[in-house]
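Dear colleague,

Please find below the structure I promised to pass on, together with its sequence. My notes on what was found follow directly after it.

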Amino acid sequence: MTVTESVQSRGLPEPAAMLRLIKPVTWFPPMWAYLCGVVSSGVSPQDKWGVVVLGVILAGPIVCGMSQAANDWCDRHVDTINEPDRPIPSGRIPGRWGLWIALAMSALALGVGWMLGTWGFVATVLGVLAAWAYSAEPIRLKRSGLWGPGLVGLSYETLPWFTGAAVLATAMPAWPVVIIAVLYGIGAHGIMTLNDFKALKGDRETGVNSLPVVLGPERAARLACWVMALPQVVVIALLLYWGRDSHAAAIFALLIGQGLAMRILLRDPKARAPWYNGAGVTLYVSGMMIAAFAIRSLGAPL
């Protein structure tokens, strides 16, 4: 009997399946956004590296990982249709282990958030609540193609950005920081919409009204492109207003690159959405960090 067979015979989850459940590939966006917040705060991290590292771990492996576990548990019936090889529908995480892992990580997140002070704890509470509101009944905002991706975009980009700035400054971040963080969170709605393409079949059969289901792949992809692009146009305009011309020019160049990638995406949205999530999104998040450096001298806390 192999180790895997021995574990399954005892009703325990496979270690490799538990790692897949919390999806390390999804941790980067909130970790990156937290670092953008740290940079944009205008506060030197020289004596606060512990807070920086702890916050990055909290944003990525803990809170984001928890949200993935919660989503997979709440989506186990949908995944039986879309991706039956996932840890829960495949049986590699048996019984209610998926739920227990999500709940344990929720508690861990709150404990670590407490260590980051008031701002870090409040942000962590909001992040945990958002994760469960997105996935779990009776709220299950994932059913809405408008509110679901919007909540995830704000949770993945705006909330960790705000948290990084607030934790480092131990105060409310300056309004330029808040505004830029919100704009990039709004733009991430489009990224989340493209991410819904992979679950199109299961969403249709289980009543999840994602934009690809409601509008069809072509119209949903066009809307997603506009939603990603327009907030960046506003960011560019604001940076020009604040006298950050070179940073605005760099983000404009990245936006042109995204536009070229969007043209390729729109030729076959369903097939090319995964490609765009690698190519176009890389340009998007690069602009986030450029914007963070642009406003760091404006980032004095209120």
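**Notes on the predicted model**

Threonine 163 is buried, as its relative accessible area is 8%, below the 20% limit for that class. This is a predicted model, and the remarks here should be read accordingly. Threonine 163 belongs to helix 8 (residues 147-169). Leaving aside residues up to four places away in sequence, threonine 163 touches Tyr34, Gly120 and Ala123.

I turn next to a pair of helices. In general, two packed helices are described by the distance between their axes and the angle between them. For helix 12 (residues 217-241) and helix 13 (residues 245-267), the axes come within 9 Å and cross at roughly 170°. An angle over 145 degrees counts as roughly antiparallel, and helix 12 and helix 13 are therefore roughly antiparallel to each other. By class, their contact comprises 16 nonpolar, three polar and two charged residues. Helix 12 contributes residues including Cys225, Met228, Val233, Ile236 and Leu240, while among those from helix 13 are Ile251, Phe252, Leu255, Met262 and Leu266. Arg222 in helix 12 and Asp245 in helix 13 also take part in this contact.

Alanine 237 is likewise found in helix 12. With a relative accessibility of 44%, alanine 237 counts as partly exposed, since that class lies between 20% and 50%. The C-alpha atoms of alanine 237 and alanine 248 are 7.6 Å from each other, with the two residues 11 apart along the chain.

The aromatic residues deserve a separate paragraph. The structure holds seven aromatic pairs. In one of them, the ring centres of tryptophan 97 and tryptophan 100 are 5.4 Å apart and the planes stand at 70°, so the pair is edge-to-face. Both tryptophan 97 and tryptophan 100 lie in helix 6 (residues 97-114), and because they are three residues apart there, about one helical turn separates them. Tryptophan 97 is partly exposed, at a relative accessible area of 28%; tryptophan 100 is also partly exposed, at 45%.

Elsewhere, ring pairs link Trp161, Tyr184 and Tyr284 into a cluster.

Yours sincerely

Conventions
Residues are numbered from 1 along each chain as its sequence is written. This is a predicted model: local features need pLDDT of at least 70, side-chain atom pairs count only at pLDDT 80 or more; totals for chains, interfaces and linings use all residues. Side-chain values use heavy atoms; hydrogens and water are left out. Rings of Phe, Tyr and Trp (its six-membered ring) pair if their centres lie within 6.5 Å; planes under 30 degrees apart count as stacked, over 60 as edge-to-face and the rest as tilted. Helices (H or I, at least four residues) and strands (E, at least two) are DSSP runs, numbered from the N terminus. Buried means under 20% relative accessible area, exposed over 50%, partly exposed in between (1.4 Å probe, protein chains only). Axes are lines fitted to C-alpha atoms, for helices over the stretch in contact, and angles run from 0 to 180 degrees between N-to-C directions. Angles under 35 degrees count as roughly parallel, over 145 as roughly antiparallel, 65 to 115 as roughly perpendicular and the rest as oblique. Contact means heavy atoms within 4.5 Å. Ala, Val, Leu, Ile, Met, Phe, Trp, Tyr, Cys and Pro count as nonpolar, Asp, Glu, Lys and Arg as charged, and the others, Gly among them, as polar.
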